[in-house]
Amino acid sequence: QVQLVESGGGLVEAGGSLRLSCLASGRTANYYGLGWFRQAPGKEREFVAGVSRSGSGTRYAESVKGRFTISRDNAKITVYLQMNSLKPEDTAVYYCAASLDGVQYDYWGQGTQVTVSS
């Protein structure tokens with residue numbers, strides 16, 4: 001079992017930055033790759049970024065490449081999402097998730113709201 005708790009969301013103007021954090025806990029938490037997803041009102045949840053168990057492998061949705069950076073600190077079992085050059089279309093609830101294979105995500109956090117004003 002892995003527990004995930006996100007923090008760092010908020011309201012920011014377009015062009016601004018935010019950093020999200022997600023603390024993972026549980027006996028096997030360090031065995032999991034971690035990722036960020038988001039869900040905007042009226043839309044399906046979508047993948048944003050993922051990082052491998054070691055932290056050496058990352059991947060991003062095309063819509064955030066060059067603006068968002070995912071990283072993890074295995075000593076703290078924490079994953080971060082640095083979001084720069086934010087756009088109103090980035091407004092969504094952002095969820096942290098854990099995966100053993102990088103495809104299926106088995107554990108989810110409660111989400112944190114990110115709102116970007118124009």
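Residues 24 or more positions apart account for 55% of the contacts with a separation of 6 or more in the protein chain. The model is predicted, and its secondary structure comprises 11 strands and 0 helices. Of its 118 residues, 44% count as buried.

**Overall dimensions**
- The radius of gyration of the protein chain is 13 Å, which agrees with the value near 13 Å that a compact globule of 118 residues would have.
- Along the principal axes, the C-alpha atoms occupy a box of roughly 40 × 25 × 25 Å.
- The accessible surface amounts to about 6100 Å², and carbon and sulfur atoms contribute 48% of it.
- In sequence order, the elements of the chain read β-β-β-β-β-β-β-β-β-β-β.

**Nonpolar core**
- The largest nonpolar core contains 31 residues, of which Leu4, Trp36, Leu81, Met83 and Tyr94 touch the most other members.
- At least two residues of this core come from each of β3 (18-25), β4 (33-39), β5 (46-51), β7 (68-73), β8 (78-83), β9 (92-99) and β11 (112-117).
- In soluble globular proteins, nonpolar side chains tend to be buried together.
- When residues up to four places away in sequence are not counted, leucine 4 touches Cys22, Leu23, Ala24 and Leu34, and also Cys96, Ala97, Ala98, Tyr107, Trp108, Gly109 and Gln110.

**Hairpin of β9 and β10**
- Strand β10 (residues 105-108) runs antiparallel to β9, and 3 bridges join the two.
- Serine 99 lies opposite tyrosine 105 of β10.
- The hairpin has 5 residues between its strands, and glycine 102 adopts a positive phi near 80 degrees there.

**Tyrosine 32**
- Tyrosine 32 is located in the loop between β3 and β4.
- Tyrosine 32 counts as buried because its relative accessibility is 7%, below the 20% cut-off.
- Its contacts, with neighbours within four places in sequence left aside, are Val2, Arg53, Arg72, Ala98, Ser99, Leu100, Asp106 and Tyr107.
- Among these contacts of tyrosine 32 is Ser99, the residue that stands opposite tyrosine 105.
- Ala98 and Tyr107 are included in the contacts of tyrosine 32, and both are also touched by leucine 4.
- The C-alpha atoms of tyrosine 32 and isoleucine 77 are 9.8 Å apart in space, while the two residues are 45 residues apart in sequence.

Conventions. Residues are numbered from 1 along each chain as its sequence is written. This is a predicted model: local features need pLDDT of at least 70, side-chain atom pairs count only at pLDDT 80 or more; totals for chains, interfaces and linings use all residues. Side-chain values use heavy atoms; hydrogens and water are left out. A nonpolar core is a set of buried Ala, Val, Leu, Ile, Met, Phe, Trp, Tyr and Cys residues joined through side-chain atoms within 4.5 Å. Buried means under 20% relative accessible area, exposed over 50%, partly exposed in between (1.4 Å probe, protein chains only). Helices (H or I, at least four residues) and strands (E, at least two) are DSSP runs, numbered from the N terminus. Contact means heavy atoms within 4.5 Å. Two strands pair if DSSP finds at least two bridges between them. The radius of gyration is taken over C-alpha atoms; the globule rule is 2.2 Å times the number of residues to the power 0.38. Accessible areas come from the Shrake-Rupley method with a 1.4 Å probe; for residues, only the protein chains shown count as cover.
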